[in-house]
Amino acid sequence: MNQNEIKVFCPATVANISCGFDVLGVALDSVGDEMIVRKVSKKGIQITKISGQDLPKETLNNVAGVAGNAFLLASDYDGGFEIEINKKIKPGSGIGSSAASSAGAVWAMNHLLGNPFNKTELVKFAMEGERLASDVAHADNVAPALFGGFTLVRSYNPLDIVTIPAPSELYVTIIHPQIEIKTSDSRKILKTTISMEIGIKQWGNVGGLVAGLFKEDYALIGRSLEDHIVEPIRSILIPGFDEVKKVSLEAGALGSGISGSGPSIFAFSKGKETALKVGNVMKSIYDKIGIAYEIHVSKVNTEGVKLL
C-alpha cells in the first residue's frame, strides 16, 4: 500500500462492564473490523465498499462517514478520504460494532494526516458516529477502541478519559446470541431515576472494579462486577441470561454481565484455560435453548485501533 492508504484493525469492545453504565469499556483483541482508508483530493468522505454486512454506503447514514465528517470539519485538510469497510462485528451485537467503524475511520484519517489530533479529540469525533447509531453520543465503546485497554469516561463535559491498566492474565469470554437488540431501543426501557441506596451500591462497585484492575486483584474485580441499575431491566431481553451467568461463575469466571446493550453476555476470567471452559458452559445453555450463537475468547487489546 502507498503512504496515502492504510489498512487498520478496529477492535470490538465491551462497554458498561456491569457497574459502569456509559463510562467504562474495554477493547478486545480477537474480534474486530478491518478498514482501508485512503487520502484523496476529492473533498468529503466516500464509502466505496462494505463487505460482511449490509449497511448503507451514504456518508450521512453510515457511522464511519458521520465520524469522518466530524473529523474533516475540525481539520485544515482540504481533500477527502475513501473508506472500505470489512464488517466482522455484526450490528446490534452489543460488542461495539458502530464504535469500531467510527473509531477506525477517525484513527486512520488522523494517521494519514500525521496525527494532528490527540486521542481524546478523536473520541469526540467518533462519538458523532455513536450519536447516529444510538441517538446518544456516548464514549464507553469508542474510548477503549481508540486508547486500548480499559477506559473510564470520568466526565463528558468536558470530555475526560482515564486509561486503566489491564491485569496480564485477564481474559474475556463473550457469547453473542444471533438476535439483534438495538441500542436505541434498549435505552428506552431504562429508568431515569434511581434510589440513593442503589446509587451507593453502584458507585462502590465502580470504585472497586477500577481499584481491582489497578491492583491486579482478580477477586476484587469479580466482587465488583455487579450492576444494580441496568442489568435487572435489560437482562429480560436476553434469553437464558440468568442461566448463562450462573454456569459461568460455576465454571470459574470472576464475574459476568451484559456486554453493552446486549444481547452479548461477557465473562471475565483469570487465565485462558478458565475462559475457554466458561465459553463451553455458555454454549451448553444456548444449545439447550436452540438459539444460534458466536463465541469469542479474547485477551484485552492494549493498543486499540492498529495498523495491519
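The chain is assigned domain 1 (5-165) and domain 2 (170-299), with bounds from an automatic or database domain assignment. The model is predicted: local features need pLDDT of at least 70, side-chain atom pairs count only at pLDDT 80 or more, and totals for chains, interfaces and linings use all residues. Residues are numbered from 1 along each chain as its sequence is written, and side-chain values use heavy atoms, without hydrogens or water.

**Exercise 1.** State the area buried between the domains, and name three leading residues of domain 1.

*Solution.* Buried area is the accessible area (1.4 Å probe) that two parts lose on being put together, summed over both. Here the area is about 2,600 Å². Carbon and sulfur atoms give 64% of that area. Next, look at the share of domain 1. Ser 18, Cys 19 and Phe 21 supply 23% of what domain 1 buries against domain 2, more than any other three residues.

**Exercise 2.** Locate the salt bridge across the interface.

*Solution.* Apply the rule: a side-chain nitrogen of Lys or Arg within 4 Å of a carboxyl oxygen of Asp or Glu. It finds 1 salt bridge between domain 1 and domain 2. Now check a pair. Lys 90 forms a salt bridge with Glu 294, and their closest N and O atoms are 3.5 Å apart.
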